[in-house]
Protein chains: 2
Amino acid sequence: MGNRDRIIIAAKELFNLYGSSNIGTNKIAAHLGISPGNLYYHFKNREEIIRTIFPEISDATDAALTLPSRSGLSPEDFGDLMVNWIQLVWKYRFFYGNLVALLRKDDLLKELYMERRDKTLSIMQTAILAYSHQSSENNIKFSEEDAGKLAKNIWIVALNWIGFLQVEKEDQDITFTDLLAGAYQIFALMEPYLDQPTIFTVQSQIQSRLEAIK
Amino acid sequence: MGNRDRIIIAAKELFNLYGSSNIGTNKIAAHLGISPGNLYYHFKNREEIIRTIFPEISDATDAALTLPSRSGLSPEDFGDLMVNWIQLVWKYRFFYGNLVALLRKDDLLKELYMERRDKTLSIMQTAILAYSHQSSENNIKFSEEDAGKLAKNIWIVALNWIGFLQVEKEDQDITFTDLLAGAYQIFALMEPYLDQPTIFTVQSQIQSRLEAIK
């Protein structure tokens, strides 16, 4: 593996452990036992490293949101989505736990992020409308506007669950289990639209996914 | 008015305009035309100023959450609550827009905040259960656990709506109108539990409160 790839891997690890604001390029170089000059040859600064990681975060977001190709969403799919999403936020917690500060330091990253956010919100809105259509016998009907609001609320809770935890704990004390409680918290946003057996099935699916991960 | 009160007023104004991390005690002193030593006589540092402001934020939170003494919540009350809450976040946006960072700098403030948060969540949970009881003819029933989850989601969206805006705009470009769109966004969390006429009444109440403010 070349130094460029090693730098990216080490940066993600160190950022997640200590917070990106506490890890500069010199610390990454020292961690890898390479010279600051060698690192500088690949990346001019921390912002450039984070911007280089971003497409990976974006691809992982697409993967987390990928729905089964058969038509319609099953309750199990809902459960999978919640857990996938929380796993994503955990994997890139240095990014989601410090979003506003990072975007304010880098206009280019901000532009990429905004595009990504709009894409994600649109995928979620479409999924909600599709589910609403599929379940029309249960009298669940969303207008486009309502589906958009629900998607935005899911987004806000999903990304800020880590902020909710950060108030109580330091970053290094937040565990994957803490974050997984967020899967239930996000799912609570959808519960009012689902009947009791469906809710039970989704919660069981979340539970069994979590047990498989432990 | 004594210098102590003038310092507090100037600090709130400058923090909201430029962000608390960009305003130190020297800038506050210069703004007031007093010496740094005079300010230091009243407050040792920025953290002490923010900690002194906190009880005011806490009292304003109680006021924003105060429900009419008659029993039961009307749709208009719901609308008022949303607008009150957004006004609160706007008034103290330096605090809510930078919460994690501020609490991490001051353990004492963190303790006060956590107590406040738990109190607010408990008031909201109680209100949701009371409403659920009142509306039992409409088949809206919450378990304590569900009411707790809804309260927490309302809290997360209400406090992070400003963060959602901060991704798109600099603090000084965020307007009261931007923030007020959050009233509808928070209310969307409650819509699935309410019938269509109630939703319409709440939205009209939000609308007319907003027009009165403009």
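Modeller: Buried means under 20% relative accessible area. Keep that cut-off in mind. This is a predicted model, and we will read it feature by feature.

Colleague: Which residues of α5(B) are buried?

Modeller: They are B:D77, B:F78, B:G79, B:L81, B:M82, B:V83, B:W85, B:I86, B:L88, B:V89 and B:W90. Here is the general idea behind such a list. An α-helix has 3.6 residues a turn, so residues three or four places apart point the same way.

Colleague: How many residues does α5(B) have, and what span does it reach?

Modeller: α5(B) has 17 residues. From its first C-alpha to its last it reaches 25 Å. That is close to the 24 Å expected at 1.5 Å a residue.

Colleague: Let us step back to a whole chain. How many helices and strands are there in chain A?

Modeller: Chain A has 11 helices and 0 strands. Along the sequence the pattern reads α-α-α-α-α-α-α-α-α-α-α. The C-alpha trace spans about 65 × 35 × 35 Å along its principal axes. Chain A has 214 residues, and 50% of them count as buried.

Colleague: What about contacts between residues at least 6 apart in the sequence of chain A?

Modeller: Of those contacts, 66% join residues at least 24 apart.

Colleague: Now the two copies. What rotation superposes chain A on chain B?

Modeller: A rotation of 180°, with 0.0 Å of shift along its axis. The RMSD is 0.0 Å. The two copies are thus related as by a two-fold rotation axis.

Colleague: Why do we say that the copies meet through the same surface?

Modeller: Look at the interface residues of chain A. 100% of them are also interface residues in chain B, so the copies meet through the same surface.

Colleague: On to the rings. How many aromatic pairs are there over all chains?

Modeller: The count comes to 20. One of them joins B:W90 and B:F176. Their centres are 5.6 Å apart, with 45° between the planes, and the pair is tilted. B:W90 is in helix α5 (residues 75–91) of chain B, while B:F176 is in helix α10 (residues 176–187) of that chain. The two are 86 residues apart, and the pair links distant parts of the chain. Both B:W90 and B:F176 are buried.

Colleague: Why is the pair of B:F94 and B:F95 edge-to-face?

Modeller: Check the angle between the planes. Over 60 degrees counts as edge-to-face. The planes of B:F94 and B:F95 are at 70°, with ring centres 6.5 Å apart, so this pair is edge-to-face. B:F94 and B:F95 are both buried.

Colleague: Which residues of chain A do ring pairs link into a cluster?

Modeller: A:F15, A:F54, A:W85, A:F94, A:F95, A:Y96, A:Y113 and A:W155.

Colleague: Where does the charged end of B:R93 sit?

Modeller: Over the ring of B:W90, 3.7 Å from the ring's centre. In chain A, the charged end of A:R93 sits over the ring of A:W90, 3.7 Å from the centre.

Colleague: Is A:A127 buried or exposed?

Modeller: Buried, with a relative accessible area of 16%. A:A127 is in helix α8 (residues 107–134) of chain A. Beyond neighbours within four places in sequence, A:A127 is in contact with A:L67 and A:L73.

Colleague: One last case. How does A:A101 count?

Modeller: Its relative accessibility is 34%, so A:A101 counts as partly exposed. A:A101 lies in helix α7 (residues 99–105) of chain A. A:A101 and A:S21 are 80 residues apart in sequence, yet 9.2 Å apart in space, C-alpha to C-alpha.

Note on methods. Residues numbered from 1 in each chain as written. Chains lettered and ligands numbered in written order. Predicted model: local features only at pLDDT ≥ 70, side-chain atom pairs only at ≥ 80, totals over all residues. Heavy atoms only, no water. Least-squares fit on C-alpha atoms with pLDDT ≥ 70 in both. Contact = heavy atoms within 4.5 Å. Phe/Tyr/Trp six-rings, centres within 6.5 Å; stacked < 30°, edge-to-face > 60°. Helix = DSSP H or I, 4+ residues; strand = E, 2+ residues; numbered from the N terminus. Buried < 20%, exposed > 50% of the residue type's maximum accessible area, 1.4 Å probe, protein only. Lys NZ or Arg CZ within 6 Å of the ring centre and 35° of its normal. Expected span 1.5 Å × (residues − 1).
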